Amino acid sequence: MAERTETDTVVVGLGAMGAQALWRLARDGVDAVGVEQFTPGHDRGSSHGESRIIRTAYMEGAAYVPLVRAAWRAWSELEEDAAARLVVRTGALMLGAPDSPAVTGSIAAARHHGLAHEVLSDARVAERFPQHAVRPGEVGVFEEEAGVVLPEAAIRAAVRLAAAAGARVRTGTAAARIDPDPDRPRVLLSDGTRIRARRVVVTAGAWLPKLLPRAAGPGGLAVQRRVLGWFRTTRNPSPHANGPVFARDGADCTWYGFPSMDGGRTVKIGVHAEVAGNGVEGAQWGEPVDPDAGPRPPDDADARRLGALAAGLRGVGELPERMAACMYTMTPDEDFLIGQRRDLPGLVLAGGFSGHGYKFASAVGAALADLARHGRTDLPIGMFDPHRWD
Ligand SMILES: Cc1cc2nc3c(=O)[nH]c(=O)nc-3n(C[C@H](O)[C@H](O)[C@H](O)COP(=O)(O)OP(=O)(O)OC[C@H]3O[C@@H](n4cnc5c(N)ncnc54)[C@H](O)[C@@H]3O)c2cc1C
């Protein structure tokens with residue numbers, strides 16, 4: 001006979017957000033069950049590839065800055081509890097034309113919140129950051145309050161701490177169905193187990209639109225493919241051994257990269273978004289993905305596209321020595337979806353992180369735990385209300 005379980009809170013999906021939520025709940029003494037279809041830290045969702053950028057002067061909008069600040073504090077708490085280094089401070093360099101979103105957006109956020117930053121001419125960037133081949137007239141915005149979060153390590157640490165604090169963790173098991181209910185929502189697992197809880201936190205990443213098609217209201221969520229490439233450094237010592245993470249607005253896309261995380265051997269880059277109306281034929285990045293099938297594996301065309309971008313770096317090979325495909329889950333406005341929906345009672349949702357959510361996971365996990373426990377949170381997540389598209 002199928003097993004039946006009762007608990008206070010179920011967390012469905014132990015990726016970036018769910019792992020942090022489960023840890024916060026368990027740490028606060030809440031009876032919680034975490035369900036993950038694969039293994040924590042796996043490479044089939046949105047949280048693999050060894051590194052994620054965290055920046056404070058947020059080019060996507062000054063309104064995000066209070067949440068980034070909360071995330072910095074929450075990452076420190078996780079590092080302390082895990083006795084592990086999960087965030088590496090490197091500073092960040094935003095590059096582009098003076099009127100590009102990377103430059104204007106980060107300056108606007110820095111000014112609005114009084115954040116320390118420096119605006120650098122092309123000559124100053126070339127002098128201070130010789131790893132970048134800057135074009136005449138390009139501008140750099142540097143801030144120290146930025147760095148790299150280690151995604152797989154942070155997920156594994158949070159799940160391990162959650163289990164140590166008493167959470168029941170079920171891996172290799174999917175939530176096949178979630179039935180909303182204001183008092184006792186239910187989760188049916190792929191092995192036939194039925195779990196009744198007081199609240200269900202749903203952090204299913206790219207699978208959220210399949211599991212709960214109504215989560216984002218009429219606008220829906222779009223799952224897209226992205227490709228990361230690791231380029232071998234060609235100089236010794238490598239100019240990429242240290243230095244800031246970066247994002248760069250080019251002619252047809254916004255791309256980003258990291259200093260070497262492997263002692264100077266490779267540099268990782270990726271494309272965040274295409275620039276609209278640039279005359280490029282068809283979408284080069286961002287093809288739709290069915291998460292169960294997974295993103296199409298990287299191919300030679302991906303290698304060539306990434307190689308063309310890497311020409312903007314000095315001291316790296318022409319083509320990536322390895323690549324990985326990953327999924328973005330986009331909301332209609334590219335702001336996140338966090339909170340509760342009146343037509344999905346008993347559920348707390350977080351998804352649609354639109355390719356820039358990892359840095360916030362520590363604070364989002366705390367907000368989700370608050371919402372599951374108390375129905376409200378003091379963390380600044382109001383702008384992510386799942387009803388805003390209705
Ligand atoms: C290539 C790439 C680069 C990025 N770079 C950055 C960056 O530099 N900085 C930044 O801040 N953000 C970045 N992001 C975005 C960030 O990584 C994502 O926003 C974040 O990882 C999303 O977290 P999530 O918890 O929603 O999804 P995930 O981490 O994918 O977690 C969802 C989890 O739910 C599980 N799951 C799904 N359905 C079920 C089910 N039915 N039952 C059980 N388990 C289920 C999945 O297996 C998965 O483990 C990047 C994303 C990509 C793809």
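Reader: Is aspartate 292 buried or exposed?

Author: A note on the source comes before the reply. This is a predicted model, in which local features need pLDDT of at least 70 and side-chain atom pairs count only at pLDDT 80 or more, while totals for chains, interfaces and linings use all residues. Residues are numbered from 1 along each chain as its sequence is written, and side-chain values use heavy atoms, with hydrogens and water left out. As to accessibility, buried means under 20% relative accessible area, exposed over 50%, and partly exposed in between (1.4 Å probe, protein chains only). Aspartate 292 has a relative accessible area of 53% and is therefore exposed.

Reader: Which residue does aspartate 292 meet in a salt bridge?

Author: Side chains of opposite charge can pair when their charged atoms come close. The term salt bridge denotes a side-chain nitrogen of Lys or Arg within 4 Å of a carboxyl oxygen of Asp or Glu. Here the partner of aspartate 292 is lysine 210, at 2.6 Å, N to O. Lysine 210 lies in helix H6 and aspartate 292 in the loop between strand E18 (266–274) and helix H7 (300–310), so the pair ties together parts that are 82 residues apart in sequence. Helices (H or I, at least four residues) and strands (E, at least two) are DSSP runs, numbered from the N terminus. Lysine 210 is partly exposed, at 45% relative accessibility.

Reader: How many salt bridges does a search of the whole structure find?

Author: The search finds 32 salt bridges. One of them joins arginine 184 to glutamate 6 at 2.5 Å, N to O. These residues stand 178 residues apart, arginine 184 being in the loop between strand E11 (175–179) and strand E12 (186–189), and glutamate 6 in strand E1 (residues 4–6). Arginine 184 is partly exposed at 25%, as is glutamate 6 at 48%. Another salt bridge pairs glutamate 138 with arginine 248 at 2.8 Å, N to O; both of these residues are buried.

Reader: What is the area buried between domain 1 and domain 2?

Author: The size of an interface is often given as the accessible area lost when the parts come together. Buried area is the accessible area (1.4 Å probe) that two parts lose on being put together, summed over both. Domain bounds come from an automatic or database domain assignment, which gives domain 1 (4–48 + 151–220 + 333–384) and domain 2 (52–149 + 222–330). The contact, meaning heavy atoms within 4.5 Å, takes 41 residues from domain 1 and 34 residues from domain 2. The buried area is about 3,200 Å², and carbon and sulfur atoms give 64% of it. In domain 1, His48, Lys359 and Phe360 lose the most area to domain 2, together 19% of what that side buries. Between domain 1 and domain 2 there are 5 salt bridges.

Reader: Where does glutamate 50 lie, and what marks its backbone?

Author: Glutamate 50 lies in the loop between strand E3 (32–36) and strand E4 (52–54). Its phi is positive, about 80°, although glutamate 50 is not a glycine. Glutamate 334 also has a positive phi, of about 65°, and is found in the loop between strand E19 (322–330) and strand E20 (337–339).

Reader: Which peptide bond is cis, and what is its omega?

Author: The bond from asparagine 236 to proline 237 is cis, with omega near 5°. Proline 237 belongs to the loop between strand E15 (222–232) and strand E16 (245–249).
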